[in-house]
Amino acid sequence: MAKYEIHFFCDECGETHPLGIGLELDDGPAEKTSLGDAYQGRAIPANIGIFMGNRTRCPNTGRMTTQKDNNQIFLVPIGWRGSLGLTAIERLHRGSAGRVRSPLQ
Ligand SMILES: [Zn+2]
């Protein structure tokens, strides 16, 4: 089992934000991968699907937004270092996560 968090491309500001949601997957990707690529020709697991279409607030504009395009929603392995040089979990601790609460927490 590897741990992941879900990020989405924000139509409001054009940046990618973490949803603040973590989950575990048996067969997830080794690096940041869109759902469309990771599950091409396969069913998206239910524990990811329940988050798709969630309304969340853009931290840059303060406006509510949704993202339903599988190619604009990303699985990010926790421990993966993005362009800021921070791991996903470090960014969560910095408070940049969205305000959506996971029903799994
Ligand atoms: Zn945004």
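Which residues does Leu75 touch, not counting residues up to four places away in sequence? Leu75 touches Tyr4, Ile6, Gly28, Pro29, Thr33, Leu35 and Ala38, where a contact means that two C-beta atoms, placed from the backbone, lie within 7 Å. The views below start from the whole chain and return to Leu75.

**Figure 1. Overview of the predicted chain.** This is a predicted model, in which local features need pLDDT of at least 70, side-chain atom pairs count only at pLDDT 80 or more, and totals for chains, interfaces and linings use all residues. Residues are numbered from 1 along each chain as its sequence is written. The chain contains 3 helices and 6 strands, taken as DSSP runs numbered from the N terminus (helices H or I, at least four residues; strands E, at least two). Their order along the sequence is β-β-β-α-α-β-β-β-α. Of the 105 residues, 22% count as buried; a residue is buried if 20 or more other C-beta atoms lie within 10 Å of its own, exposed if 12 or fewer, and partly exposed in between, with C-beta atoms placed from the backbone. Among contacts with a separation of 6 or more, 65% come from residues 24 or more positions apart.

**Figure 2. Confidence along the chain.** The average pLDDT (the predictor's confidence in each residue, from 0 to 100) is 81 for the chain, and 75% of the residues score at least 70. Confidence is highest in β3, at 95, and lowest in helix α3 (residues 88-93), at a mean of 61. Over residues 96-102 the pLDDT is below 50, and this stretch has 21 contacts in the model beyond near neighbours in sequence.

**Figure 3. The open sheet of four strands.** The strand order is β2-β1-β6-β3, with antiparallel pairing; two strands pair if DSSP finds at least two bridges between them. Because β2 and β3 stand at the edges with a single partner strand each, one side of each is left without a neighbour in the sheet. In a regular strand the side chains alternate between the two faces of the sheet.

**Figure 4. Strand β1 between its two partners.** β1 pairs with β2 over 7 bridges in the antiparallel sense, and with β6, also antiparallel, over 5 bridges. Glu5 stands opposite Gly22 in β2 and opposite Val76 in β6. Phe8 has Ile73 as its bridge partner in β6. The hairpin of β1 and β2 has 6 residues between the strands, and Gly14 takes a positive phi near 80° there.

**Figure 5. Ser34 at the pairing of β3 and β6.** Strand β3 (residues 33-34) is joined to β6 by 2 bridges, and the two run antiparallel. Ser34 lies in β3 and stands opposite Phe74 in β6. Ser34 counts as partly exposed because it has 19 C-beta neighbours inside 10 Å. Beyond its neighbours within four places in sequence, Ser34 is in contact with Asn70, Asn71, Ile73 and Phe74.

**Figure 6. The largest nonpolar core.** A nonpolar core is a set of buried Ala, Val, Leu, Ile, Met, Phe, Trp, Tyr and Cys residues joined through C-beta atoms within 7 Å. The largest one has 14 residues, and those with the most contacts inside it are Ile6, Phe8, Leu35, Ile73 and Leu75. Two or more residues each come from β1 (2-9), β2 (16-25), α1 (35-38) and β6 (73-77). β6 gives the most, with 4 residues. The strand β6 is mostly covered, with 4 of its 5 residues buried.

**Figure 7. Leu35 and its contacts.** Leu35 lies in helix α1 and counts as buried because it has 22 C-beta neighbours inside 10 Å. Apart from neighbours within four places in sequence, Leu35 is in contact with Ile44, Ile48, Asn70, Ile73 and Leu75. Asn70 is 35 residues away from Leu35 along the chain, and their C-alpha atoms are separated by 5.1 Å. Leu75 also touches Ile6 and Ala38, among others.
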